[in-house]
Amino acid sequence: MKTVFNNLKPFIAYWISFAVYIIISLFETFSYTTCAVTSLTVYIILNILIGYTTDIKEMRWGIILIELQLFICAICFSPRAGASDYPIVASAGNIFYSTFFDSFNKGFKLSILLPLLLLGIGFGLRILKKQIKKENSM
């Protein structure tokens, strides 16, 4: 059961940030930029915490699957997908590309590499903490 939960952590972080985006967008007083930045901030914090508290070996399949979700949905949402129903559905699967990174030139790559970068920061912080603790104990 612990393995299943650890593999679900990247999905949980993504869908919590998506829920924050939806909830904030329901209030008409907040702008589009506020929704996107708040959602991205929540995602950054959650992924760094997940990377800090969970070993990469325990959630490698979850990371692979969330990357696959982000990749497929970014391809479907891209302007080359055409005018179909896929871009509307795909925007939920990669909210960062469809809201925040769409205006950047390399937004497609940024939206896919974002989880890896943030989890890597969390892993690095944990290793740094262990190294500092080891040096202080000597």
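These questions and answers walk through a predicted model of one protein.

Q: How many helices and how many strands does the protein have?
A: Start with the order of elements. From the N terminus on, they run α-α-α-α-α-α. The count for the secondary structure is 6 helices and 0 strands.

Q: What share of the residues of the protein counts as buried?
A: A residue is called buried when its relative accessible area is under 20%. The protein has 138 residues. Of these, the buried share is 37%.

Q: What share of the accessible surface belongs to carbon and sulfur atoms?
A: Take the total first. The accessible surface of the protein comes to about 8700 Å². Carbon and sulfur atoms hold 72%.

Q: Of the contacts with a separation of 6 or more, what share is between residues 24 or more positions apart?
A: A contact here means heavy atoms within 4.5 Å. Now take the contacts in the protein with a separation of 6 or more. Residues 24 or more positions apart account for 68%.

Q: Is Asn7 buried or exposed?
A: Asn7 sits in helix 1. Its relative accessibility is 15%. The limit for buried is under 20%. So Asn7 counts as buried.

Q: Which residue has its backbone nitrogen 3.1 Å from a polar atom of the Asn7 side chain?
A: Look at what Asn7 touches beyond four places in sequence: Glu58, Met59, Arg60, Trp61 and Gly62. The backbone nitrogen at 3.1 Å from a polar side-chain atom of Asn7 belongs to Gly62.

Q: How far apart in space are Asn7 and Ile66, C-alpha to C-alpha?
A: In sequence, Asn7 and Ile66 are 59 residues apart. In space, the C-alpha to C-alpha distance is 9.6 Å.

Q: Which residue forms a salt bridge with Arg126?
A: The whole structure has 1 salt bridge. A salt bridge needs a nitrogen and an oxygen within 4 Å. Here the closest N and O atoms are 3.7 Å apart, and the partner of Arg126 is Asp55.

Q: How many residues apart are Asp55 and Arg126?
A: The pair links distant parts of the chain. Asp55 is in the loop between helix 2 and helix 3, while Arg126 is in helix 6. They are 71 residues apart.

Q: Which backbone oxygen does the side chain of Arg126 reach at 3.3 Å?
A: Leave out residues up to four places away in sequence, and Arg126 touches Gly51, Tyr52, Thr53, Thr54, Asp55 and Ile56. The side chain of Arg126 reaches, at 3.3 Å, the backbone oxygen of Thr54.

Note on methods
Residues numbered from 1 in each chain as written. Predicted model: local features only at pLDDT ≥ 70, side-chain atom pairs only at ≥ 80, totals over all residues. Heavy atoms only, no water. Helix = DSSP H or I, 4+ residues; strand = E, 2+ residues; numbered from the N terminus. Buried < 20%, exposed > 50% of the residue type's maximum accessible area, 1.4 Å probe, protein only. Areas by Shrake-Rupley, 256 points an atom, 1.4 Å probe, with all protein chains shown as cover. Polar contact = N/O pair within 3.5 Å; in protein donor to acceptor, adjacent residues only side chain to side chain. Salt bridge = Lys/Arg side-chain N within 4 Å of Asp/Glu carboxyl O.
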